[in-house]
Amino acid sequence: MTEKNYDALVEAYARQFTQIRMGDPNDGQTRLGPMVSKAQRDTLHEQVSKSVAQGARLVVGGEVPAKTGWFYPATVLADVAPGQVAYKDELFGPAAAIIKAKDDDDAMRIANDSRFGLGGGIFSRDVNRARALATTFFDTGMVCINGFNVAGPTLPFGGVKASGYGREHGPEGLKEFVNIKSITLPAA
């Protein structure tokens, strides 16, 4: 997030995250169920705890609740910086790592500084500029502008760098399952 909007974004994230109801996924009011396993929940908690010890600011969440199940609260980490676990690793769980950038160019540098590259997003009032940044600078397999989408059958899904190669879904994904045979004949 650029410096200009950083404090407002952190505040808005915290406000929204504190309102996320954690509980039984069969309850229609629940918005955050348990994680897939105890190991995954504990890994996320360790990542959050180490990041805080390394200088990240815990804004909301970050504590394993005293309830049955592999629950972890919606968590916001601010002031995330190079060298911290939340900066260099993927956090698979309900945790947001917010990194301050000087400007758009610095934001693109930070986004591409990751060894991962599955997907990313750009939020901007200027959709044309966001599209140009996504096309020219963002080094990920997918980029969403002003929102995030769940993978759909019509759009290619896949990453770059340590997030893999190849695509699922869409025409590109179908080609991943095709064995193409090349036959050459000598020139006549």
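Select valine 48 to begin: leaving aside neighbours within four places in sequence, its contacts (heavy atoms within 4.5 Å) are Leu58, Gly62, Tyr72, Thr75, Leu77 and Ala95. The model is a predicted one, in which local features need pLDDT of at least 70 and side-chain atom pairs count only at pLDDT 80 or more, while totals for chains, interfaces and linings use all residues. Residues are numbered from 1 along each chain as its sequence is written, and side-chain values use heavy atoms, with hydrogens and water left out.

Next, select Leu44, Val48, Leu77 and Val80, the residues with the most contacts inside the largest nonpolar core, which has 14 residues. Such a core is a set of buried Ala, Val, Leu, Ile, Met, Phe, Trp, Tyr and Cys residues joined through side-chain atoms within 4.5 Å; buried means under 20% relative accessible area with a 1.4 Å probe, protein chains only. Helix 2 (38-53) and helix 3 (85-88) are the elements that give two or more residues to this core. Helices here are DSSP runs of H or I with at least four residues, strands are runs of E with at least two, and both are numbered from the N terminus.

Then select Val10, Leu32, Val60 and Ala96, which are included in a second, separate core of 10 residues.

Finally, display the whole protein. Six helices and five strands are present, in the sequence order α-α-β-β-α-β-α-β-α-β-α. The C-alpha trace spans about 75 × 40 × 30 Å along its principal axes. Of the 188 residues, 29% are buried.

Note on methods. Buried means under 20% relative accessible area, exposed over 50%, partly exposed in between (1.4 Å probe, protein chains only).
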